[in-house]
Amino acid sequence: MMSLTSANSGVSSTSSSSKKGHSLREKLSEMETFRDILCRQVDTLQRYFDGCADVSRDVLERDRVVEEDEDDFPSPRTSGELVHNNNGSKEKLFQPVSPKGVNGIDFKGEAITFKATTAGILATLSHCIELMVKREDSWQKRLDKEMEKRRRIEGGYKSTLNDLKKSHYRGPDYEEGPNSLINDDEFFDAVEAALDRQDLMEEQSHCEKTRLHRSIPVPSEDLYSSTGSHRYSDKVEEMVQNHMTYSLQDMGGDANWQLVVEEGEMKVYRREVEENGIVLDPLKATHSVKGVTGHEVCNYFWDTAYRNDWETTIENFNVVETLSENAIIVFQAHKRVWPASQRDVLYLSAMRKIPAHNENDPDTWLVCNFSVDHENAQPSSRCVRAKINIGLICQTLVSPPEGDKEISRDNLVCKITYVANVNPGGWAPASVLRAVAKREYPKFLKRFTSYVQEKTAGKPILF
């Protein structure tokens, strides 16, 4: 039989469960104690109810016998009527019946004990959860530290391994070339590690330096409305017309173009082309940038005064010749990415404003870069001369402002189409070139457009 007094140990366990500093094992022991208390209460109640069931059967049997006696000898008697037994003594005809062995159960005490026990279980369980959460947080912190330590060690190992490869693999047989002994996987791993180091250095330099906000006067739009008069005028006009005819075509219905990257508004397509073992994959990317105009994007892309701000792969460059106000010839040497050979390009860069055929046509600007030859920038044995044909087409879409408000940068969206045909030359593996292009082109487009947004923020709009 359970009572409130018999559960004092359980209640004291409840109070002890709220104390801090107890281990999880102690809390589990307290819950086992609470479980034993509840089991004893259930056993006590079960015995009581079994006794009640036995009493009910006795009462029913007695009533049945009494009814039969009354049918034989009809004489009304009350339940408290006295009768004489064989010994001549008096006793009641029907004794009060109660369950055997369950007299004196304190139901109020049992209810209080039950409530206290369940409250103790909940409190202890809550404390157990709290202890497990704290232990999990502690293990998570240790795991984070170990992961960070592992990352640093792996980075150091990779860097050391590349340095050892460089020191061990000396000579043309262990660099890009027709007889290279480095397989495609090793070549790609080395190139990727070098690009990762360049990205890290660029991030650090970007955090440490503050870009100079130069105020460079922008020439009149009339200067960009025509090709100008120089020896490459016809070639520039041909390139402009080709880009406006073919570069703006939708890629959706052409099965030859593969969608290789899709990030938000940016999509990058590629068409696999090889010639004499050299990868010549044409690439096309589309993107939408808010808050800038096509004139602004093309101006920052074409003007060499801003080149080092956003182009991180250049080692050095110089303007070889100025053909007109909107056309220049540029020599550009790119940083070497071991084990690939260093590359340079010599190209004509022209910027044009495309006239609208009707009032519904968007404001369109274009920059085209294509390889040329020049006597003052001949190919050298130190670098592999790459050939390029690149077009950047920018269309400005303006949403009407509300009421009589002036147009702000919130009303501007620049639709960008970037096409690139690059012949890298040399003997770099095709799989490596494609993997690097898939990685670098989207990164370049995001970096450049973010730079333009940063430079134009808060400035007057240049349509």
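Colleague: What is the relative accessibility of Lys149, and does it count as buried, partly exposed or exposed?

Modeller: Lys149 has 40% relative accessibility, so it counts as partly exposed; buried means under 20% relative accessible area, exposed over 50%, and partly exposed in between, using a 1.4 Å probe and protein chains only. Bear in mind that this is a predicted model, where local features need pLDDT of at least 70, side-chain atom pairs count only at pLDDT 80 or more, and totals for chains, interfaces and linings use all residues. Residues are numbered from 1 along each chain as its sequence is written, and side-chain values use heavy atoms, with hydrogens and water left out.

Lys149 has a partner: it makes a salt bridge with Glu146, and their closest N and O atoms are 3.9 Å apart. A salt bridge here is a side-chain nitrogen of Lys or Arg within 4 Å of a carboxyl oxygen of Asp or Glu. Both residues lie in helix 3, three residues apart, about one turn of the helix. Helices (H or I, at least four residues) and strands (E, at least two) are DSSP runs numbered from the N terminus. An α-helix has 3.6 residues a turn, so residues three or four places apart point the same way. Glu146 is partly exposed as well, with a relative accessible area of 46%.

The structure holds 18 salt bridges, so let's look at another one of those. Arg409 pairs with Glu296, the closest N and O atoms being 2.8 Å apart. Arg409 sits in the loop between strand 13 and strand 14 and Glu296 in helix 6, so this bridge ties together parts 113 residues apart in sequence. Arg409 is buried at 15% relative accessible area, and Glu296 is buried at 3%.

Tyr300 takes us on to the rings. Rings of Phe, Tyr and Trp (its six-membered ring) pair if their centres lie within 6.5 Å; planes under 30 degrees apart count as stacked, over 60 as edge-to-face and the rest as tilted. That gives ten aromatic pairs. The rings of Tyr300 and Tyr451 have centres 5.8 Å apart and planes at 85°, so they are edge-to-face. Tyr300 is in helix 6 and Tyr451 in helix 8 (residues 430-456), so the pair ties together parts that are 151 residues apart in sequence. Both tyrosines are buried.

Tyr418 and Phe444 make a tilted pair, 5.4 Å centre to centre with 55° between the planes. Here strand 14 (residues 412-423) supplies Tyr418 and helix 8 supplies Phe444, 26 residues apart. Tyr418 is buried at 6% relative accessible area and Phe444 at 11%. These two also belong to a cluster linked by ring pairs, together with Phe301, Trp310, Tyr441 and Phe448.

Strand 14 has strand partners too; two strands pair if DSSP finds at least two bridges between them. Strand 13 and strand 14 run antiparallel and are joined by twelve bridges, with Ile390 opposite Ala420. Strand 7 (residues 283-290) also pairs with strand 14 in the antiparallel sense, over eight bridges, and Thr286 stands opposite Thr417 there.
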